[in-house]
Amino acid sequence: MSKADVMAGRAYVSLYAKRDALTRGLQAARADINKFGSDMIRMGAQVVAATAAIVAPVAFATKTFADFDDAMRAVGAVSQATTAELKSMTDVAKMLGATTSFTAVQVAQLMTELGRAGFKPDQINAMTGAVMDLARATGTDATLASGIMAASIRQFSLGAEDATRVADVLTKAANATFNSVESLGEALKYAGPVAAELGLSLEDTVAILGTLGNVGIQGSEAGTALRRLGVISAATGEKLKAIFNINNIDATGELKPLVQIMDEIGRSIENLPTAEKVTKMNEAFGLLGITSASVLARTAGSTADLARELKNAEGTASKAAKSMDSGLGGAFRIILSAVEGLQIALGKALSGSIQTVTDSITGLIGRATEWVAANEGAVVTLAAMTVAVASFGVSMIAVGLSAKVMAVAIAASMVVINAVKSTILIAAAAIKLFGVVSMSVGTAMY
């Protein structure tokens, strides 16, 4: 073996030994740094999670109670309730919110609408359940339902004690005809006051609107049509007598119900040619009223039947509401409402302490504002310290992640070292092979 072979072998062994020691050191360092990174991430996450676990429920309960408290204060303001009356309404709202599929905040909001309509606190308490039945039975927003309920009662000079009746009539009509409570409420805005003045009951009026709705005449269009037909039928008796040979008043001199008048008109033209029918209807009701007049004249019988159904609709809203809440969806809504009730109770229990804290914080903020004004140069330092403290947990996570990155970098360097090792081995092998070949050639020459 030549001297060159010996030197190459020694270099190989030396490099291998040094590489092996370096590799073991890097592996140990990588493991330590990786463990440190994992520990820091875990500790940082625990700090953040522990803080959130303590603060989140209290903050959420406090926010829920604050929303409910604000809503009830609005109820008290619009209804001009005394302290005792507001407490009574608050108790009703909390009870209904905890035991029904409506939240206490939703109950408070519909109470506000009733208060805006001029109802007193005791009336609001009496009407709230009926409004909730109407809303749930027909899928109507509770606040919207309360406004329609209040307007309907006022339009027909009813009282708070008639709230259940109104809920039953509107529920029956909305669920039995091609109408929604919202479209009926919109129609009643135009037709209700005039219909009541003409002697029509709520049930008769809603029956006519229901019939019109079935042919697509809904909302303000239906209300305007009913108002027009009612006024014409009441104010043009002689004209109707001349055109249709019918009387708009009965034997006692009272105005006949609109449905009866339209029924008699329909019977009077029933056997006439189409052109003559249209001519007479246009002459009596004009281009704007001919469509609705023709519908009612043709369907007066079914309209009268619907009116009878509405007059016997007692219990409809309550029964339908219970049915709507009897399934899984209703059960979930009731559970969520109960949870909100718990949050309100917790928030109320903490409100005194939180109020004290907020008052103290307000005072501190005021003094801090004065301090900032007097020490503007220290504001930047204070802000930096605040950010550092607030981001402590997140910073620990960041350090942990950095350590993880370092561990990955070490692993990458080990790959490079192994590649260098392979190169050295290949070079040593080449040197050794060259020596063997040289020796063989020399021997052959010799």
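Ser-146 is in contact (heavy atoms within 4.5 Å) with Leu-110, Glu-113, Leu-114 and Val-131, once its neighbours within four places in sequence are left aside. Ser-146 lies in helix 5, where helices (H or I, at least four residues) and strands (E, at least two) are DSSP runs, numbered from the N terminus. With a relative accessible area of 0%, Ser-146 is buried; buried means under 20% relative accessible area, exposed over 50%, and partly exposed in between, with a 1.4 Å probe and protein chains only.

This is a predicted model, in which local features need pLDDT of at least 70 and side-chain atom pairs count only at pLDDT 80 or more, while totals for chains, interfaces and linings use all residues. Residues are numbered from 1 along each chain as its sequence is written, and side-chain values use heavy atoms, with hydrogens and water left out.

**The chain as a whole**

- The protein chain holds 17 helices and zero strands, and buried residues make up 35% of its 446 residues.
- Of the contacts in the protein chain between residues at least 6 apart in sequence, 72% join residues at least 24 apart.

**Helix 5 against helix 7**

- Two packed helices are described by the angle between their axes and the distance between the axes.
- Helix 5 (residues 142–155) and helix 7 (residues 181–197) pack at an angle of about 15°, and their axes are 9 Å apart; here axes are lines fitted to C-alpha atoms, for helices over the stretch in contact, and angles run from 0 to 180 degrees between N-to-C directions.
- Helix 5 and helix 7 are therefore roughly parallel to each other, given that angles under 35 degrees count as roughly parallel, over 145 as roughly antiparallel, 65 to 115 as roughly perpendicular and the rest as oblique.
- Helix 5 passes helix 7 in a left-handed crossing, a term used if the near helix is turned anticlockwise from the far one by less than a right angle, whereas clockwise gives a right-handed crossing.
- On the helix 5 side, Leu-144, Ile-148, Ser-152 and Gln-155 meet residues of helix 7, including Val-181, Gly-185, Leu-188 and Pro-193.

- The 14 residues of helix 6 (residues 163–176) should span 20 Å at 1.5 Å a residue, and the end C-alpha atoms of helix 6 are 20 Å apart, which agrees; the expected span is 1.5 Å times one less than the number of residues.
- Among the buried residues of helix 6 are Ala-163, Val-166, Asp-168, Leu-170 and Ala-174, and what covers the buried residues of helix 6 includes helix 4 (121–138), helix 5, helix 7, helix 8, helix 13 and helix 14 (316–324).
- Helix 6 and helix 8 pack at an angle of about 20° with their axes 10 Å apart, and are therefore roughly parallel to each other.
- The crossing of helix 6 and helix 8 is right-handed, and Arg-165, Val-166, Val-169, Leu-170 and Ala-173 in helix 6 meet Leu-202, Glu-203 and Val-206 in helix 8.

**The bent helix 12**

- Helix 12 (residues 274–298) has 25 residues, yet its end C-alpha atoms are only 13 Å apart, short of the 36 Å that a straight helix would reach at 1.5 Å a residue.
- A kink of about 115° in helix 12 is centred on Gly-286, where the bend at a residue is the angle between axes fitted to the seven residues ending there and the seven starting there.
- Gly-286 is also one of the buried residues of helix 12, a list including Lys-280, Phe-285, Ile-290 and Leu-296.
- The cover over the buried residues of helix 12 includes helix 8 (202–214), helix 9 (219–235), helix 10 (237–244), helix 11 (258–268) and helix 13 (300–311).

**Loop residues**

- Ser-157 is placed in the loop between helix 5 and helix 6; phi of Ser-157 is near 55°, a positive value in a residue other than glycine, and at 69% relative accessibility Ser-157 counts as exposed.
- Ala-160 lies in the loop between helix 5 and helix 6 but is buried, with a relative accessible area of 9%.
- Leaving aside neighbours within four places in sequence, Ala-160 is in contact with Phe-119, Gln-123 and Met-127, while Ala-160 and Lys-120 are 40 residues apart in sequence and 9.4 Å apart in space, C-alpha to C-alpha.
- Asn-245 lies in the loop between helix 10 and helix 11, has a positive phi near 60° although it is a residue other than glycine, and counts as exposed at 57% relative accessibility.
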